[in-house]
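Open the model in your viewer and keep the selection tool at hand. This tour goes stop by stop.

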Amino acid sequence: RALRFVQAAGLQDRLWELQEAFYRNQGGENSGWVTDELVRRLAGEIPGLDIERMFVDAEGAEVDALLRQAASQAEQDEISGTPSVFVQAGVEAPVEVERPSATDVAVALDDALGR
């Protein structure tokens with residue numbers, strides 16, 4: 001549900017602002033924390049975001065198409081879930097970091113950079 005609103009905010013060039021607001025106020029996965037009240041409160045803190053338009057767009061065909069496109073790209077890129085972290089240095093093929101803790105990412109980066 002949050003993704004639909006984030007994509008709808010993106011139609012107004014406010015995707016990153018709403019995404020960051022959701023992360024700052026994140027509840028438990030699949031716990032129902034993304035309520036209309038929360039979305040309206042967070043969106044109301046973002047200058048230039050038309051909240052009513054965002055609610056309409058979140059249920060519209062354009063957001064549906066964006067979600068299908070993202071899912072298709074993730075499948076094509078063999079992304080199995082989140083978080084997914086890939087490290088690439090130069091022209092080498094990207095390498096997936098299996099357990100993306102900060103330490104694991106640092107090790108992968110050091111390895112990719114030849115340190």
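Buried here means under 20% relative accessible area, exposed means over 50%, and partly exposed lies in between, using a 1.4 Å probe and protein chains only. Helices (H or I, at least four residues) and strands (E, at least two) are DSSP runs, numbered from the N terminus.

This is a predicted model, where local features need pLDDT of at least 70, side-chain atom pairs count only at pLDDT 80 or more, and totals for chains, interfaces and linings use all residues. Residues are numbered from 1 along each chain as its sequence is written, and side-chain values use heavy atoms, with hydrogens and water left out.

**Stop 1: the whole chain**

Show the protein chain as a cartoon. What is its pattern along the sequence? Read in order, it goes α-α-α-α-α-β-β-α. That is 6 helices and 2 strands.

Now zoom out. The C-alpha atoms fill a box of roughly 50 × 30 × 25 Å, taken along the principal axes. The radius of gyration is 17 Å, whereas a compact globule of 115 residues would have one near 13 Å. That radius is taken over C-alpha atoms, and the globule rule is 2.2 Å times the number of residues to the power 0.38.

Of the 115 residues, 23% are buried.

One more overall value concerns contacts, meaning heavy atoms within 4.5 Å. Among contacts with a separation of 6 or more, 45% join residues 24 or more positions apart.

**Stop 2: helix H1**

Select H1, residues 2-10. Which of its residues are buried? They are Ala2, Phe5, Val6, Gln7, Ala8 and Ala9. Their cover includes H2, H3, H4 and H5.

Stay in H1 and pick Gln7. Its relative accessibility is 16%, so Gln7 counts as buried. Show its surroundings. Not counting residues up to four places away in sequence, Gln7 touches Leu15, Val63, Leu66 and Leu67.

**Stop 3: the loop between H2 and H3**

Two residues of this loop deserve a click. Start with Asn30, which sits between H2 and H3. Is Asn30 buried or exposed? It is exposed, at 76% relative accessibility. Check its backbone too: phi is near 55 degrees, a positive value in a residue other than glycine.

Next, select Val34, in the loop between H2 and H3. Val34 is buried, with a relative accessible area of 11%. Leaving aside neighbours within four places in sequence, Val34 is in contact with Arg1, Ala2, Phe22 and Val39. The C-alpha atoms of Val34 and Ala9 are separated by 15 Å, and the two residues are 25 residues apart along the chain.

**Stop 4: helix H3**

Move on to Leu38 in helix H3. Leu38 is buried, with a relative accessible area of 11%. Which residues does Leu38 contact, leaving aside its neighbours within four places in sequence? They are Asn25 and Trp33. Then draw a line to Phe22.

**Stop 5: helix H4**

Select residues 51-58, helix H4. Buried here are Ile51, Met54, Phe55, Asp57 and Ala58. Look down the axis of H4: these buried residues fall within an arc of 165 degrees, so they line one face of the helix. The arc is that of the directions from the helix axis to the C-beta atoms. The cover over the buried residues of H4 includes helices H1 (2-10), H2 (15-24), H3 (36-44) and H5 (61-76).

Now show Asp50. Asp50 caps the N-terminal end of H4, with a side-chain oxygen 3.2 Å from the backbone nitrogen of Glu52.

**Stop 6: helix H5 and beyond**

Select H5. It has 16 residues and reaches 22 Å from its first C-alpha to its last, close to the 22 Å expected at 1.5 Å a residue. The expected span is 1.5 Å times one less than the number of residues.

Step just past H5 to Glu78. Glu78 lies in the loop between H5 and strand E1 (85-87). Glu78 is not a glycine, yet its phi is positive, about 60 degrees. Glu78 is exposed, with a relative accessible area of 67%.

Conventions: A polar contact is a pair of N or O atoms within 3.5 Å; within protein, one must be able to donate a hydrogen and the other to accept it, and residues adjacent in sequence count only if both atoms are side-chain atoms.
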